[in-house]
Amino acid sequence: MTTLGSSGLEIHPVVLGGNTFGWTSDESESHRVLDAFLDAGGTLVDTADSYSAWVEGNHGGESEHVIGSWLAGRGRRDDVLIATKASQHPEFRGLSASNVKAAAEASLKRLGTDRIDIYYAHFDDADTPLEDTVGAFDALVREGKVRYVGVSNYGPDRLRRWLEIAEDTGAAPPVALQPHYSLVHRRTVEPELRGIAVDAGMGILPYWALAAGFLTGKYRTEADLKGRARAGSVGRHMGPDGLAVVDRLVEVADAHGVAPATVALAWVLGRPGMAGVLASARTAEQLPALMDAARVSLGEQEMDALTRASDAVGE
């Protein structure tokens with residue numbers, strides 16, 4: 001267990017991403033994944049109100065509906081922390097004060113709960129004064145509908161400004177930062193964004209730490225991508241430098257007797273400022289390799305070898 005920034009929340013460092021729920025995992029399989037996650041000691045489930053609006057026939061909120069039906073069926077709300085996000089649902093685009101309030105109410109209804117443990121601003125909204133957005137999130141905290149605030153996909157300048165506004169107005173400060181970060185994508189986080197978050201007492205919980213599955217090691221040729229739902233996201237990493245990272249992952253994984261995905265997540269957990277890491281499981285059988293990341297201890301030479309391979313990617 002680890003403490004999430006200044007929140008005082010004790011979380012298992014592997015956070016379950018809910019983006020597959022209602023997309024590549026149907027409701028029944030999603031419930032199996034959630035059961036297995038809690039049974040393995042997991043504590044925090046992360047979703048967004050827009051998941052999975054990109055799928056034909058979906059409208060957004062599918063993941064929250066699935067989590068809500070699981071909560072209703074299991075009666076384990078107090079055993080799990082729920083994080084969700086606002087700004088990208090087709091009906092609630094942006095982060096105006098009215099939109100944030102309406103999106104939160106809709107998420108609470110879909111989840112079937114009276115509070116959101118961590119509520120994220122999913123993407124920055126340059127068209128809305130940041131003061132309005134900060135105030136809207138703070139109002140939800142004051143109403144008891146949100147326990148803690150988080151931000152995702154914010155650049156250094158805007159994160160710094162959010163923190164300044166929160167301090168100046170006495171608003172609830174963000175306690176969590178959720179950026180895109182992995183062995184093949186580091187430059188948007190290191191060093192500036194990471195430094196701001198650490199100095200502010202925020203816990204960093206990266207997403208796409210497995211690069212949409214590329215760092216699981218199962219994609220080594222273009223043929224491996226055929227028919228895959230994430231072929232486009234994975235294919236961008238298939239160059240020599242990306243494949244060299246996978247080679248190092250496989251070497252380290254073999255030495256520890258674990259899956260490459262386990263090592264990829266363990267490397268993230270070993271980086272400065274990281275309070276945890278998000279990972280998604282399409283099936284319950286995929287979950288053990290993810291949860292193992294919290295118990296695998298990589299040696300200094302192994303961390304360095306992986307970091308050197310990552311340095312060559314340049315993304």
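Biologist: Is serine 7 buried or exposed, and at what relative accessibility?

Modeller: Serine 7 counts as buried because its relative accessibility is 9%; buried means under 20% relative accessible area, exposed over 50%, and partly exposed in between, with a 1.4 Å probe and protein chains only. This is a predicted model, where local features need pLDDT of at least 70, side-chain atom pairs count only at pLDDT 80 or more, and totals for chains, interfaces and linings use all residues. Residues are numbered from 1 along each chain as its sequence is written, and side-chain values use heavy atoms, with hydrogens and water left out.

Biologist: Where does serine 7 lie, and which residues is serine 7 in contact with, leaving aside its neighbours within four places in sequence?

Modeller: Serine 7 lies in the loop between strand S1 (2-3) and strand S2 (10-11). Helices (H or I, at least four residues) and strands (E, at least two) are DSSP runs, numbered from the N terminus. Contact means heavy atoms within 4.5 Å. With neighbours within four places in sequence set aside, serine 7 is in contact with Tyr148 and Val175. Its side chain also reaches the backbone nitrogen of leucine 9, at 3.0 Å.

Biologist: In what order do the eight strands form the open sheet?

Modeller: Strands of a sheet pair through backbone hydrogen bonds, either parallel or antiparallel. Two strands pair if DSSP finds at least two bridges between them. Here the order is S9-S8-S7-S6-S5-S4-S3-S10, and the pairing is parallel. Strand S9 (203-204) and strand S10 (277-279) stand at the edges with a single partner strand each, so one side of each has no neighbour in the sheet.

Biologist: How many bridges join strand S7 to strand S8?

Modeller: Four bridges join S7 (residues 146-152) to S8 (residues 174-178). In S8, proline 174 is the bridge partner of valine 149. Helix H4 packs on the sheet and touches strand S6 (116-121) and S7; the direction of H4 makes about 155° with that of S7. Axes are lines fitted to C-alpha atoms, for helices over the stretch in contact, and angles run from 0 to 180 degrees between N-to-C directions.

Biologist: Why is strand S5 largely enclosed by the rest of the structure?

Modeller: In a regular strand the side chains alternate between the two faces of the sheet. Six of the six residues of S5 (residues 81-86) are buried, and therefore S5 is largely enclosed. Three bridges join strand S4 (residues 44-46) to S5, and leucine 44 has leucine 81 as its bridge partner in S5.

Biologist: At what angle do the axes of helix H3 and helix H4 cross?

Modeller: The axes of H3 (residues 97-111) and H4 (residues 130-143) cross at roughly 35° and come within 8 Å. Ala97, Val100, Lys101 and Ala104 in H3 meet Asp132, Ala136, Phe137, Leu140 and Glu143 in H4.

Biologist: Which residues of helix H9 are buried?

Modeller: The buried residues are Pro260, Ala261, Thr262, Val263, Ala264, Leu265, Ala266, Trp267 and Val268. Since nine of the ten residues of H9 (residues 260-269) are buried, H9 is largely enclosed by the rest of the structure. Its cover includes helix H8 (240-256), S10, helix H10 (287-291) and helix H11 (300-313).

Terms used:
A polar contact is a pair of N or O atoms within 3.5 Å; within protein, one must be able to donate a hydrogen and the other to accept it, and residues adjacent in sequence count only if both atoms are side-chain atoms.
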